[in-house]
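Please look over the model shown here before reading on. The report below goes through its cavities, cores, strands and some backbone details.

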Amino acid sequence: MATASLSSFNPFVYWSQDPDHVNLKVDIKNAENPDIKFGEKEVSVIADGYGASGQNTYSMRLSLHSPIDPEECSFHILDRQITVKLKKRRTEFPKNAWPRLVAENGRSPQWLKIDFDRWVSTDDSDSEKEKPDLDAELLRQFASETKEVELTSKNDDDDDMGIKATYLFAYNLLQFIGFSAVFSTLMISYFREGPDARANGYKHTAHILMMCQLAAFLEVFNAFFGLVKGSAVTSLMQVSGRAFMLFLVIRNNPEIQKNDCVFYLFCVWTSVEVIRYPYYMLELFQREIGFLTWLRYSAWIVLYPAGFVLEGLCVVYSLEWYRLSGKFSIPLPNAMNISLDFPFILQCYLVGIVLGAVVLLQYMFALRQKKLKRGGKDDKKKIKKKQ
């Protein structure tokens with residue numbers, strides 16, 4: 001069950017009414033962990049899903065203008081939205097038509113909009129001549145109340161969502177360009193020079209790869225500040241592991257830089273990223289390409305194990321060089337009376353690679369099951385409901 005937090009966002013909500021019900025469409029796609037509550041004069045929705053701010057936790061609460069019957073209210077979780085039906089209690093208003101949705105002392109929130117497509121005439125017994133008058137009067141009233149809010153909402157949404165979306169899109173685009181440059185350089189050099197290119201892979205691509213890897217630490221801050229959904233700790237572990245390999249193990253060892261395992265490791269790293277970042281860019285605009293989604297959650301089956309093996313080989317091949325050179329090691333005696341054996345740290349890191357591989361592969365397998373099989377499960381649920 002999702003819980004509202006400081007980092008939760010308001011979804012867009014579209015409402016309409018008929019003489020007996022108020023209908024709400026809550027714009028949360030692929031909603032999970034819903035927590036929907038009804039009170040005599042209020043309704044609240046909290047859920048995880050994809051909305052105007054990407055994949056996040058969304059929450060909304062409305063203080064209603066008139067009372068409802070909580071026991072008769074209902075909701076449905078659909079692929080593209082959450083639909084809520086509020087059962088009206090009888091009121092003194094003509095045709096039981098509420099003059100507004102929110103309480104008299106409350107101002108319509110910026111994310112609340114009228115669902116004109118589902119608006120049902122509040123007069124189904126009068127003549128055709130009289131029906132448009134009542135509906136037109138109500139709609140004019142609603143339009144006049146919400147006109148300023150709609151304009152403000154658009155401006156605020158453009159400012160808040162625009163800045164965030166622009167930043168995330170620019171970040172993902174630049175990372176995609178950087179990793180694509182590394183990947184294409186490796187491939188072109190291999191086709192031109194053949195196997196000899198493997199010895200020069202680090203030399204040709206290290207400067208670009210290092211810049212991309214430094215920029216990747218922004219992903220930790222993105223998760224920490226709620227710009228993207230995910231754990232900042234998990235992001236830090238993943239980014240730090242690759243940075244340890246690139247900046248400490250490989251960058252300072254001229255011998256390992258010419259080893260074939262570094263060339264192939266760079267190929268694996270960049271292959272992962274040239275798939276991942278386009279997927280994130282499309283996700284920002286709520287777009288999806290089936291093949292790209294499948295690739296995002298399937299290519300890791302080969303690439304991740306290959307990456308772990310290649311990282312391990314780079315560490316093993318580097319042990320002897322760091323032992324002989326004493327690089328990063330602190331021998332005794334010294335003024336601080338402490339010692340540090342960097343080869344021992346590399347051996348510990350080997351154990352960490354194995355443990356990290358188990359955790360990450362299990363996580364990715366569960367994520368793959370969720371992402372690629374969700375559609376089939378949803379279809380089955382819909383069939384059962386119809387039956």
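## Cavities, cores and strands

The second largest cavity holds about 60 Å³ of space. A cavity is, on a 1 Å grid over the protein atoms alone, a set of points where a 1.4 Å probe fits but cannot get out, and lining residues have an atom within 4 Å of a point. Grid points are joined across faces, edges and corners, and the volume is the space filled by probe spheres set on the points. The model is predicted: local features need pLDDT of at least 70, side-chain atom pairs count only at pLDDT 80 or more, and totals for chains, interfaces and linings use all residues. Residues are numbered from 1 along each chain as its sequence is written, and side-chain values use heavy atoms, with hydrogens and water left out.

The structure holds 2 cavities of 30 Å³ or more. Two or more lining residues come from each of α6, α7 (290-296) and α8. Helices (H or I, at least four residues) and strands (E, at least two) are DSSP runs, numbered from the N terminus.

The largest nonpolar core has 50 residues, and Val262, Phe266 and Leu346 have the most contacts inside it. Such a core is a set of buried Ala, Val, Leu, Ile, Met, Phe, Trp, Tyr and Cys residues joined through side-chain atoms within 4.5 Å. Buried means under 20% relative accessible area, exposed over 50%, and partly exposed in between, with a 1.4 Å probe and protein chains only. At least two residues of this core are supplied by each of α1 (131-193), α2 (201-215), α4 (232-250), α6 (260-284), α8 (300-325) and α9 (342-386). Helix α6 gives the largest share, 12 residues. Leaving aside neighbours within four places in sequence, Val262 is in contact (heavy atoms within 4.5 Å) with Tyr202, Ile250, Ile256, Gln257 and Cys314. Apart from this core lies another, of 27 residues, among them Val45, Tyr58, Ile82 and Val102.

Turning to the strands, an open sheet of 5 strands has the order β6-β7-β2-β1-β8 with mixed pairing. Its edge strands, β6 (74-77) and β8 (112-114), each pair on one side only. Neighbouring strands of the sheet are turned by 20° against each other on average, direction ignored; axes are lines fitted to C-alpha atoms, and angles run from 0 to 180 degrees between N-to-C directions. Two strands pair if DSSP finds at least two bridges between them. Strands of a sheet pair through backbone hydrogen bonds, either parallel or antiparallel. Two antiparallel pairs are listed below.

| Strand | Partner strand | Bridges |
|---|---|---|
| β2 (residues 21-26) | β7 (residues 82-87) | 6 bridges |
| β3 (residues 29-39) | β4 (residues 42-51) | 7 bridges |

Strands β3 and β4 form a hairpin with 2 residues between them, and Phe38 has Val43 of β4 as its bridge partner.

Strand β3 also holds Asn30 and Asn33. Asn30 is not a glycine, yet its phi is positive, near 50°; Asn33, likewise not a glycine, has a positive phi of about 50°. Asn30 is partly exposed, with a relative accessible area of 30%, and Asn33 is partly exposed at 37%.

One more backbone detail concerns a proline. The peptide bond from Leu332 to Pro333 is cis, with omega near -5°. Pro333 sits in the loop between α8 and α9.

Terms used. On a 1 Å grid over the protein atoms alone, a cavity is a set of points where a 1.4 Å probe fits but cannot get out, and a pocket is an open set with protein on both sides within 12 Å along at least five of seven lines; lining residues have an atom within 4 Å of a point.
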